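Please look through the sequence and the model below before reading on.

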Amino acid sequence: PLGAVACVGADGKGAVLVWDHARHVERHRWQSGYGAGGFPLAFGPDGRYLAAARADGSIDCLPLRERDQ
C-alpha cells in the first residue's frame, strides 16, 4: 500500500510493524509468536491484509484497514 512499509524484529523481539511514512507514525503493531531474527511478509493484492509467517510455521493474515475504510 502507498505510504506504508512493513518492518520486522522491532527491538529484537519479533514484531510486525506498519509505519505510515507520510504521517511519521506507527499504524499497526502485532507482537507474539514471530521470529526475532526476521520472517516472511507479503501484502495482499488489494492492500487490505498483510501475511506474516510465525515462528511455528503458521501464517497470520493481518488486517491493515478498519472495517469502514
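## A report on the predicted chain

Leaving aside its neighbours within four places in sequence, D60 is in contact (heavy atoms within 4.5 Å) with Y34, L50, A51, A52 and R54. The model is predicted, so local features need pLDDT of at least 70 and side-chain atom pairs count only at pLDDT 80 or more, while totals for chains, interfaces and linings use all residues. Residues are numbered from 1 along each chain as its sequence is written, and side-chain values use heavy atoms, with hydrogens and water left out.

### D60 and its strand

D60 lies in strand β6; strands (E, at least two residues) and helices (H or I, at least four) are DSSP runs, numbered from the N terminus. D60 counts as buried because its relative accessibility is 18%, where buried means under 20% relative accessible area, exposed means over 50% and partly exposed lies in between, with a 1.4 Å probe and protein chains only. The side chain of D60 also makes a polar contact with the side chain of R54, at 2.6 Å. A polar contact is a pair of N or O atoms within 3.5 Å; within protein, one must be able to donate a hydrogen and the other to accept it, and residues adjacent in sequence count only if both atoms are side-chain atoms.

Strand β6 covers residues 59–63, and D60 and L62 make up its covered face, whereas I59, C61 and P63 make up the uncovered one. In a regular strand the side chains alternate between the two faces of the sheet.

Which strand pairs with β6 in the antiparallel sense? Strand β5 (residues 49–53) does, over 5 bridges, given that two strands pair if DSSP finds at least two bridges between them. The bridge partner of A53 in β6 is I59. The two strands β5 and β6 form a hairpin with 5 residues between them, and G57, in the turn, has a positive phi of about 95 degrees.

### The chain as a whole

The chain has 0 helices and 6 strands, and along the sequence the pattern reads β-β-β-β-β-β. Of its 69 residues, 29% count as buried. Among contacts between residues at least 6 apart in sequence, 24% join residues at least 24 apart.

The largest nonpolar core has 9 residues, namely V16, V18, W30, Y34, F39, L50, A52, L62 and L64. The elements that give two or more residues to this core are β2 (15–20) and β5. Such a core is a set of buried Ala, Val, Leu, Ile, Met, Phe, Trp, Tyr and Cys residues joined through side-chain atoms within 4.5 Å. In soluble globular proteins, nonpolar side chains tend to be buried together.

The confidence of the prediction needs care: pLDDT is the predictor's confidence in each residue, from 0 to 100. The chain averages a pLDDT of 77, and 77% of the residues score at least 70. Where pLDDT is low, the predicted coordinates should not be read in detail.

The table sets out the accessibility of some residues discussed below.

| Residue | Relative accessible area | Class |
|---|---|---|
| H28 | 15% | buried |
| E26 | 37% | partly exposed |
| A42 | 41% | partly exposed |
| H24 | 60% | exposed |

H28 has its place in strand β3 (residues 25–31), and a polar atom of its side chain lies 2.9 Å from the backbone oxygen of L64. Apart from neighbours within four places in sequence, H28 is in contact with V16, L17, V18, P63 and L64.

The side chain of E26 makes a polar contact with the side chain of R29, at 3.0 Å.

A42 is found in strand β4 (residues 41–43). The C-alpha atoms of A42 and C61, which are 19 residues apart along the chain, are separated by 9.5 Å.

H24 lies in the loop between β2 and β3, and its phi is near 60 degrees, a positive value in a residue other than glycine. Most residues other than glycine have a negative phi, and most peptide bonds are trans.
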